[in-house]
Amino acid sequence: MAIIMPRIIQAKQILRRSLSNGSSNKYAVIPKGYFAVYVGEQEKKRFVVPISLLSQPEFQELLCQAEEEYGYNHPTGGLTIPCNEDIFTDLASRLGGL
């Protein structure tokens, strides 16, 4: 258990949600091995998640939904996932992304 706890704490620290408040830190540097996604139905929130999520079938389903909704022209200029923030957080937690 002692080995797992620091990893969980580190993952939670790396996962950042930048709020759309116009701060200069809005586009913070993304660590190697991670990528940013924008999640939400109305207000989009930015999450930084590990690239290991890309190989998970559940996350791939979200990517298919994003393709159907936005094609390859995402409104935020980045990868946008059209789902509820709580659903995304739950899924990413279960897949080890949070």
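**A walk around helix α2**

Let's start on the outside: Pro 57 and Glu 68 are exposed residues on the face of α2 that is turned away from its buried side. Keep in mind that this is a predicted model. On the buried side of α2 you will find Phe 59, Leu 62, Ala 66 and Tyr 70. Viewed down the helix axis, these buried residues fall within an arc of 50 degrees, so they line one face of α2. That pattern has a simple background: an α-helix has 3.6 residues a turn, so residues three or four places apart point the same way.

Just after the helix, Gly 71 adopts a positive phi of about 65 degrees.

Now look at what the buried side meets: the buried residues of α2 pack against β2, β4 (79-81) and α3. This takes us to the largest nonpolar core, which has 13 residues, with Val 37, Val 39, Phe 59, Leu 62 and Phe 88 making the most contacts inside it. Two or more core residues come from each of β2 (34-39), β3 (45-50), α2 (57-70) and α3 (85-94).

Stepping back, the chain holds three helices and four strands, arranged along the sequence as α-β-β-β-α-β-α. Of its 98 residues, 36% are buried. Among contacts between residues at least 6 apart in sequence, 52% join residues at least 24 apart.

Notes:
Residues numbered from 1 in each chain as written. Predicted model: local features only at pLDDT ≥ 70, side-chain atom pairs only at ≥ 80, totals over all residues. Heavy atoms only, no water. Core = buried A, V, L, I, M, F, W, Y, C linked by side-chain atoms within 4.5 Å. Buried < 20%, exposed > 50% of the residue type's maximum accessible area, 1.4 Å probe, protein only. Contact = heavy atoms within 4.5 Å. Arc of directions from axis to C-beta.
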